[in-house]
2 protein chains.
Amino acid sequence: MRNVQQKLSVARGERPAELLFKNAQVVNVLSGEIHKTHVAVDDGRIVGFGDYKARKTINLRGAYLAPSLIDGHFHVESSMLTAPEFARAVVPHGTGAAVIDPHEYANVLGLDGIRYVLESTKNLPVDFFVMLPSCVPATPLETAGARITADDLKLMIGDDRVAGVAELMNFPGVFLGIKSELAKIEAGKGKCIDGHAPGLRGKNLNAYALAGVRSDHESVTVEEAREKLRLGMHILLREGSTERNLQHLLPLLNAHNAQNCSFATDDKLAGDLVNEGHIDHAVRVAIKGGVAPITALQIATINTARHYRLQNLGAIAPRFWADFVVFDDLKNFRVRQTYKKGVLVAEDGKYLARSPARVPLPRSTMNLRYRPEDIRVKAATGKTRVIEIIPDQIVTREVQVTPRIEAREVVADVERDILKMVVIERHRATGNVGVGFVRGFKLKHGAIGSTVAHDAHNVVVVGTNDTDILRVIEELEKLQGGQIAVANGKIKAALGLPVAGLVSDRPLAEVMQRIDALNAAAQELGCDLAAPFMTLSFLSLSPIPALKLTDQGLIDATKLRKTTLFVR
Amino acid sequence: MRNVQQKLSVARGERPAELLFKNAQVVNVLSGEIHKTHVAVDDGRIVGFGDYKARKTINLRGAYLAPSLIDGHFHVESSMLTAPEFARAVVPHGTGAAVIDPHEYANVLGLDGIRYVLESTKNLPVDFFVMLPSCVPATPLETAGARITADDLKLMIGDDRVAGVAELMNFPGVFLGIKSELAKIEAGKGKCIDGHAPGLRGKNLNAYALAGVRSDHESVTVEEAREKLRLGMHILLREGSTERNLQHLLPLLNAHNAQNCSFATDDKLAGDLVNEGHIDHAVRVAIKGGVAPITALQIATINTARHYRLQNLGAIAPRFWADFVVFDDLKNFRVRQTYKKGVLVAEDGKYLARSPARVPLPRSTMNLRYRPEDIRVKAATGKTRVIEIIPDQIVTREVQVTPRIEAREVVADVERDILKMVVIERHRATGNVGVGFVRGFKLKHGAIGSTVAHDAHNVVVVGTNDTDILRVIEELEKLQGGQIAVANGKIKAALGLPVAGLVSDRPLAEVMQRIDALNAAAQELGCDLAAPFMTLSFLSLSPIPALKLTDQGLIDATKLRKTTLFVR
């Protein structure tokens, strides 16, 4: 601790504190109660409770003072914001720390991506702790920008801000005892090991826990979560943009187990963060669902800090950082002020922190090699497999249709909503191009495309005609990654994502505006999906059933193997 | 984890488990509930819940299965038993692990004492974790066998079974920021830092917590404990032989803070451990006091394991050691069976584990240098200060009396119950001899003596005449340390404590028998104190008010300085 003698003498009351928060109702997540006191702060740390002399006094007049909130599992890339702009979105909502898994950065940039994340998340009013991505690439059925092994994890695990190994999505690999996966757990020894095991139950779940996995954020039913909790897994109650499990999981909590639960968002869009909130939203949902406010705030703070061993975070007590939120109503939890190390960083929804020095962007990641004819599909006899979207889900269905043929080529059929989908490998200029067809977008004109495409994040485009599809690809290359809507050769809306093709380098407000414009443009082209670019981004995710398209072609994602466009 | 592939295949149900505990009501301290299931064990670890095939099945027929109990703070020397004999006493009561502070061993033998403890606590059905003694010697006003600095702590802190730095009893040194004390905290960085701050409140307590102290076991009132809990200190609810704070502290617990509490005994005599119990006794007291059984068992298991980071202990779930207790009644918690790593080690009060190979005893610690005339007191004018015992307390009172003089010497005065007390330094043959007088023992003949004498553990004797006092000293030297009662030149009862002059090398039953004989002998000599040898052992403890006698002479323990026998 810096200036320890000074702080001790302040604590003893011998010299004035820098700051005194008077007349606070402290939400004490350690003693499990709310008690009135004054809180003295010096040099960014809490030094004591009681009546202290101070150079500056902030009279809270009976308002509540709680520790700043912590997200237990978040992919910061999902907001398409840089860390400083993410902070701008969430600090007014009371967020003080986040445990992040830079899985997408790592898929594109490997260890360089993780290093960029560590560097670009410094000196912000949110403390970031990194879980090292454990499943890069997600499968061999798509071409990612990197491969991360247990040896790679060992290179970075010692970093002070690395809290452990991120979600072990290859859960069969773990419970089957595949050496490469067990080695990743071993690499994280002494730190946290996160799990990801949707629907895993029974004996295989026993084995998954036995192997050393200590958390899960994928439970969607109380029964599933309870089984995992019984096996010693810390349960991350997820409430993100699309996955909204919190309400369903609240019955899991009893008076004796809340300490083993945290809140997490996993993925949340910039607009949702700003408008709905971040972990504060989860606190509101929990309290409205009948959880005691003190318990909800423990789940939002100390439980996460303890599980991930975030030092001096998550509570209000001497030695902890003076990371506070001020609010007025336990039943309708709305953060009025956020403090970071004793500094007011947000008030009444307004972000007050200064931006840190800009961190250099990572290298370009748009390395395409393709010819226009690569996206053509020669006609053949028989039906073709088409990916059918199920709205609001990341699973798809396989349908088989008679293709529309023009000039000996299979082409999009707008009438039947069968659009062409193209995936182009963008990391290593392999020349891999996957072409298929998809139903559900309902575009009547043009094409939309994105370089956010889980998990390999290649270029993915859906369109009504080849000209617009090619235009999308060209423009995404110019933008160095992004999302775009094009019709009749014209750009309707675009968001550049030059940071790994995943994240914008623009301010929060501009990003939100451009996302709105993209959605509006897609709608104008005929699409009625709630989040067309998010839907697009999951169509390459080969571990998720049933039919997907990657740069390597059509994937039978149930059997985890390549398949053919034409049904034979 | 040893044999990980084998255990994973057992967990998956592919090969039979070694053991299956069928039809258990598992006290699941992780999910905070009791649920029926079967528990599969292989190679000493729990591998899964569910219906498994096994080479051996133990049908619990609905009995409760809880994790083995853990003592959060214990001085194993206080039982005067070696670790194997302590295990014999507590394993039938369900103890599976103990966090011990070998403070007395360290005062006598320094780091060698700690090394002996680490060595002699291996391969037992109780797992021992060591907190490194931080206050050796306790004060400069008595001569201990060793001095331990922060640098010494650094030599041993890395040991896997060292859980941190033990109780920082020099609490003013800590809150005042004395460098040597802060250096001890720094030496324990990354591990646990235990506190000891009886009655410390307010700003100085804030400073004590700020400095990094993370626990306390000295609270005697709810208010004191609550203040410490609010400041982030883990509260050890103490229930030992003499300090019985648990009942008073139960109102501290609410539905939101029990995770920050553990049970501890601090000091408990062999007989009390056998007859009353160990942590199982604390569980009974808590449940009778209205604490939910699941909470009481969490306090007795997982809370302590988590606070002290005892890996794979304190819960029943895959990867945890198969350390169980079986019992039948939640309201009257009586352990019927104790298992260690899946092996039955106690049943119906009977200890079933095999004794490990004997560990060599540490070196002799009885290095006396004295002449018979050293214990004589020349007469002078005026009154003398006399230590007055307050029954059942470790504090004393100073009284001033007119001495009885015979042949120009101050001598014991049995009529007025003013007995002679002698302390002889025993570690380094310094020749230091302290002589004083004490009221409260009521011996009519003879003398009693002990080499257990907190915290320096010099030879301490109280007697009615010099001949018997000298005999006591001679006999203690022959025994290489011990406790003894002598009258008219004859030994009435004796217990040899050749292990550092603190601990017997004899079996549990013999130690208990000899302790009983010693107490009976003291009673026969006229003493009506409940625990005369314990009272004797605290009369040299110079940090505790008001008047004490060490090898350096009479100590004004209120002002922490030497004083004179004659009042000037």
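Reply:

**Where chain A meets chain B**

Three residues, A:Arg12, A:Leu210 and A:Arg230, supply 17% of the area that chain A buries against chain B, more than any other three residues. In terms of contacts, 55 residues of chain A touch 55 residues of chain B.

Keep in mind that this is a predicted model. The predictor gives the complex an ipTM of 0.95 and a pTM of 0.96. For chain A, the mean pLDDT is 97, and 100% of its residues reach 70 or more.

So what goes on between the chains? On the polar side, 29 residue pairs are in polar contact between chain A and chain B. Several pieces of chain A each bring at least two residues to the side that touches chain B. The helices among them are H1 (4-11), H6 (171-175), H8 (202-210), H9 (222-230) and H13 (293-299), and the strands are E2 (33-42) and E3 (45-49). H8(A) gives the largest share, six residues. Sorted by class, this side of chain A has 25 nonpolar, 20 polar and 10 charged residues.

Charges also pair up across the interface, where the rule finds two salt bridges. One to look for joins B:Arg230 to A:Glu33, with the closest N and O atoms 2.5 Å apart.

While you have the model open, a few other spots are worth a visit. Over all chains, there are 18 aromatic pairs by the rule used here. In chain A, the ring centres of A:Phe74 and A:Phe86 are 5.0 Å apart and their planes are at 25 degrees, so the pair counts as stacked. This pair links distant parts of the chain: A:Phe74 belongs to strand E6 (residues 69-74) and A:Phe86 to helix H2 (residues 83-90), 12 residues apart.

Most residues other than glycine have a negative phi, and most peptide bonds are trans. In chain A, a cis peptide bond joins A:Val136 and A:Pro137, with omega about -5 degrees. You'll find A:Pro137 in the loop between strand E8 (127-132) and helix H5 (150-156). In chain B, the bond from B:His454 to B:Asp455 is cis too, with omega near -15 degrees, and B:Asp455 sits in the loop between strand E24 (447-450) and strand E25 (459-463). Finally, B:Gln480 is not a glycine, yet it has a positive phi of about 60 degrees. Look for B:Gln480 in the loop between helix H15 (466-478) and strand E26 (482-487) of chain B.

Definitions and conventions: Residues numbered from 1 in each chain as written. Chains lettered and ligands numbered in written order. Predicted model: local features only at pLDDT ≥ 70, side-chain atom pairs only at ≥ 80, totals over all residues. Heavy atoms only, no water. pLDDT = per-residue confidence, 0-100. Contact = heavy atoms within 4.5 Å. Buried area = accessible area lost by both parts, 1.4 Å probe. Salt bridge = Lys/Arg side-chain N within 4 Å of Asp/Glu carboxyl O. Polar contact = N/O pair within 3.5 Å; in protein donor to acceptor, adjacent residues only side chain to side chain. Helix = DSSP H or I, 4+ residues; strand = E, 2+ residues; numbered from the N terminus. Nonpolar A, V, L, I, M, F, W, Y, C, P; charged D, E, K, R; others polar. Phe/Tyr/Trp six-rings, centres within 6.5 Å; stacked < 30°, edge-to-face > 60°.
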